Amino acid sequence: MPLPGFAIKYPLFTKGAKTMNKKLGFYILKRVLLALLTIVIVITVTFFAMQLIPGGPFTSEKAVSQESLDRLYAKYGLDKPLIVQYFNYLFNALRFDFGYSIKSRGAVTVNHIIGEGMRYSATIGLIAAFIAIIVGVILGSLAAYKHNTIIDRIIMVLSTASVAVPSFIVSTIFLYLFCVVWQILPANGSDWRGFILPTITLSFSPMAYIIRLTRSSTLDVLNSDYIRTAYAKGASFSRVLYKHSLRNSLTPVITYAGPMIAFILTGSLVVEKIYGIPGIGREFVTSITNRDYPEVMGLTIFLTYLVIIMVLVSDVLYTVVNPRVDLD
Amino acid sequence: MKFKRLPQVIVLATVGTLCACNGPLPERKAHKDEAIYSATIDGAKKDNLTWKDSYDAVIAMTKKTSGAVRNEYLHQAEDILMSTGAITPIYYYTDLFMENEKMEGFYSSPLGYKFFHRATVDGAKEYTVCVGPKGDSFDPAINSAVDGAIVISHVFEGLYRWKQPENGDVAAELEPGQAASFEKVAGNDGHVTYKFKLRDNIKYSDGTALKASDFANSWARAASGKLAADYGYMFDCVVGYEETAADENNFKPLSGVKADDEKGELEVELISDVPYFLELTAFPTYAPVKLDKVTGDDWWTKAENYIGNGPLKVSKMDNKDGGSIEFVPNENYWDNANTKVSKLTFALSDDDDNQLANYKKGDWKFIDSVPNDQIEELSKGKDYHVNGQLGTYYVIFNVNDKALNRTLKSEAEYATFRKALGLLIDRNYICEKIGQAGQEPANTFVGKGIMETNADGSLSEWTTKSGPNRDGKGYYKVGKADYEANCAEAIEMIKGLGFKFDGKKFTNIPALTYLYNTSSGHKAIAEYLQGAFKAYGINLKLESQEWATFLNTRKDGNYSIARNGWLADYNDACSFLDMWTTDSGNNDAQFGR
């Protein structure tokens with residue numbers, strides 16, 4: 001086994017990596033099949049869990065007559081036996097057809113809600129994830145290199161604070177300062193200026209987590225034998241940093257970043273509500289409150305797809321960065 | 001059927017007048033004294049009437065009578081309802097909003113539907129307001145939300161409309177809208193017919209003519225069983241409603257509605273002379289939609305299809321939270337000369353803090369809700385407004401809940417117990433310390449602001465006549481000074497039921513459970529009730545449920561005591577009283593079941 005960080009520069013494209021590529025292809029195929037199974041399980045559990053909660057999509061404070069209810073149930077196919085509804089749904093969901101939102105009385109498709117919401121949530125989420133990773137890795141490495149100095153302490157206090165303070169407090173304070181007191185940013189996130197605050201708010205918590213991950217893994221790496229060897233062979237500090245240490249200390253960050261990106265892309269109820277972002281995050285909560293079965297299912301499955309894809313991507317990346325990982 | 005015994009007052013009301021339709025005023029039992037509660041309890045011990053034979057029968061009479069006789073039946077229905085103690089009013093709702101100090105020309109209907117088309121802000125004709133989150137549907141027939149009604153009321157206009165008030169900002173009068181005038185003719189069986197004459201040359205915003213048949217067809221659609229809309233029942237006073245509502249496959253025309261497009265006349269036959277019919281014609285459900293645009297369920301989601309006949313038309317429809325709806329004047333509107341705005345934007349937001357930040361920043365000139373914890377601070381400003389609202393916040397008891405049946409033997413004893421609990425509540429404390437939005441303590445269920453027609457045709461407010469003696473004192477004494485005496489009275493009442501009292505507290509009352517839906521406001525009231533009852537040794541367990549689950553639990557009667565609230569659909573007491581008949585879907589107290 002080659003020493004990590006030395007042997008394989010670009011494992012996917014070099015001659016020596018042929019067997020590796022074959023393995024990777026098989027691995028991805030295996031993962032895709034597993035993913036399908038996961039999705040079927042998620043659909044099944046969500047479908048029956050939703051049926052178990054009391055109340056239905058037409059429950060309202062002012063009573064609707066039983067005849068009206070019956071007609072509405074018939075219109076949306078909710079009068080059929082549960083098992084028929086289930087297989088209908090399963091079949092359609094696997095083809096990405098999630099049907100119409102019941103709450104809108106059939107005016108809007110679930111795909112439309114997802115598409116429209118993701119335009120905003122994904123934009124903000126991607127930038128937030130980018131900020132979280134870049135800033136997180138830089139600060140984390142810095143804290144490790146300046147281990148036990150005042151810089152390390154300050155960075156750690158900041159990262160603890162950003163995990164500890166919930167996003168609704170951060171957003172309320174930001175909203176008050178930037179929008180009400182100083183009036184330099186809009187309170188409603190309809191254009192790029194309105195995206196600044198939510199992006200920063202959203203990046204705080206994953207950034208703090210990445211700082212800690214990077215710091216501790218960098219500390220591990222810095223104390224390992226091969227770094228000492230590298231120094232002994234006369235490698236410069238910057239070479240040790242970029243070539244030997246960073247690459248290895250990033251592996252836990254990559255593992256974390258996959259699912260993190262999936263969740264951050266699909267928005268946050270709190271951040272979207274407070275900053276008035278027309279994103280998808282709040283739909284996860286309101287659709288359940290509304291018992292909007294098609295929307296709940298559509299969103300859950302969409303998130304499942306996203307998580308599965310991101311986990312797969314991070315696993316593959318992981319093997320690229322760290323050849324010690326065996327795909328079998 | 002659990003609720004068997006009822007006050008004597010009902011016997012007189014029903015038996016005495018069942019055949020006397022528009023006859024003399026029904027007889028009413030005179031009460032011995034001012035004490036509100038005693039009379040009905042005495043009666044309950046003697047009587048043996050079911051809820052169907054009493055309450056339902058009285059409500060049925062309100063459908064066959066009119067004027068002062070009908071009023072008296074409504075008051076009697078309220079007597080019966082309040083005698084059960086199962087409906088414990090807490091406060092009358094208020095409508096709270098922030099309006100830029102420089103806004104002029106804004107007004108609201110009594111139901112809290114806001115109108116901005118005649119309003120300017122410091123002379124500016126282009127501005128943004130926020131009246132709520134994204135709408136579930138802006139189809140006038142399907143919408144049942146207040147914020148949806150506000151959108152619809154700017155785009156559509158009914159036969160009549162709310163008149164902009166000269167003083168204050170709440171409209172009290174109706175004036176002709178799409179109709180120029182009407183004539184009311186009495187028919188057989190108590191039926192009446194409204195004959196509306198439409199204005200000449202009225203048009204939809206796309207320039208096409210609006211005809212009398214557009215009204216008739218829109219109404220048939222809204223009332224139909226095919227659409228199965230929440231508010232289909234708003235047509236239940238129109239002849240032919242039942243047949244239209246029963247037809248699942250067609251928009252069957254209402255047999256009582258006849259349109260003459262040539263003459264521009266619309267005749268509407270009603271099953272009785274309901275005093276609120278003209279108001280209904282101003283209600284969104286009665287709006288004339290352009291039926292050839294109403295194709296599919298999503299017709300209203302596109303601005304170009306959302307064609308109306310009201311003061312404004314939609315130029316941009318971005319119906320999502322964080323999005324907005326934009327309106328411009330409808331130059332085809334007959335009264336366009338009085339429209340002041342040139343572009344009105346409704347920002348859609350479901351978050352109080354976000355709304356307030358936008359308002360404070362000055363981007364939004366009006367917001368319809370504010371965070372609870374900010375009310376105290378905001379109420380000091382001139383831009384803080386509190387209007388009355390036709391609704392009541394109340395505590396409801398499940399009459400089928402027999403948690404105390406080791407001690408309490410009859411329905412009458414339960415009624416006494418429930419009323420005693422109602423007396424232990426300090427409504428002023430709840431209004432001032434918890435609600436904080438100018439709410440007024442409620443002494444009856446029918447909300448403040450509901451009007452009734454007197455014998456001489458004049459109008460007076462229902463709450464000035466509510467109560468067993470029709471003196472406006474209601475069914476609970478809710479003055480600040482009354483609370484102490486109320487508590488003393490409650491203690492005596494509960495002691496009389498056989499519970500042990502050690503001088504300070506009751507010692508053998510089993511714990512009760514209070515159900516509310518998860519929200520900080522309802523929780524605060526629940527905790528107050530818990531504390532107030534605890535002081536007398538009555539333990540109240542609190543249970544909170546998520547909204548839809550809560551509604552279901554309450555509807556199915558799987559609770560003991562719960563929070564509740566009701567907003568009227570139109571300005572008439574029956575909007576509060578029809579809901580308690582045995583088979584009503586809103587009979588959460590389970591009367592007669």
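1. Interface area. In this predicted model, chain B and chain A bury about 3,500 Å² between them. Carbon and sulfur atoms give 50% of that area. The size of an interface is often given in this way, as the accessible area lost when the parts come together. Counted by residues, 45 of chain B are in contact with 39 of chain A.

2. Charged and polar pairs across the interface. The count between chain B and chain A is ten salt bridges. One of the pairs to look at is B:Lys320 with A:Glu116, whose side chains meet in a salt bridge at 2.6 Å, N to O. The rule for polar contacts finds 13 residue pairs across the interface of chain B and chain A, both residues being at pLDDT 80 or more.

3. What chain B brings to the contact. Four elements of chain B each supply at least two residues of the side that touches chain A: helix H7 (241-246), helix H9 (352-361), helix H15 (547-556) and strand S23 (561-567). H15(B) gives the most, with seven residues. By residue type, this side of chain B divides into 16 nonpolar, twelve polar and 17 charged residues.

4. Chain A. The C-alpha trace of chain A spans about 85 × 60 × 30 Å along its principal axes.

5. A salt bridge inside one helix. Over all chains the structure holds 44 salt bridges. Among them is the pair A:Asp225 and A:Arg228, with the closest N and O atoms 3.7 Å apart. Where do A:Asp225 and A:Arg228 lie? Both are in helix H8 (residues 225-232) of chain A, three residues apart, which is about one turn of the helix.

6. Antiparallel strands in chain B. Strand S13 (residues 312-317) and strand S14 (residues 324-329) of chain B pair in the antiparallel sense over five bridges. Within this pairing B:Leu312 stands opposite B:Pro329 of S14(B). The hairpin of S13(B) and S14(B) has six residues between the strands, and in this hairpin B:Gly322 takes a positive phi near 95°. S14(B) is also joined by four bridges to strand S15 (residues 343-348) of chain B, and S14(B) and S15(B) run antiparallel. Here B:Ser324 stands opposite B:Ala347 in S15(B). When following such strands, keep in mind that in a regular strand the side chains alternate between the two faces of the sheet.

7. A parallel pair in chain B. In which sense do strand S21 (residues 512-517) and strand S22 (residues 540-545) of chain B pair, parallel or antiparallel? They pair in the parallel sense, over six bridges. The chain crosses from S21(B) through helix H14 (residues 520-534) of chain B to S22(B), and this β-α-β crossover is right-handed. As a place to start on the strands themselves, take B:Tyr514, whose bridge partner in S22(B) is B:Leu542.

Notes. Residues numbered from 1 in each chain as written. Chains lettered and ligands numbered in written order. Predicted model: local features only at pLDDT ≥ 70, side-chain atom pairs only at ≥ 80, totals over all residues. Heavy atoms only, no water. Pairing = 2+ DSSP bridges. Right-handed = clockwise from strand over helix to strand, strands pointing away. Contact = heavy atoms within 4.5 Å. Buried area = accessible area lost by both parts, 1.4 Å probe. Salt bridge = Lys/Arg side-chain N within 4 Å of Asp/Glu carboxyl O. Polar contact = N/O pair within 3.5 Å; in protein donor to acceptor, adjacent residues only side chain to side chain. Nonpolar A, V, L, I, M, F, W, Y, C, P; charged D, E, K, R; others polar.
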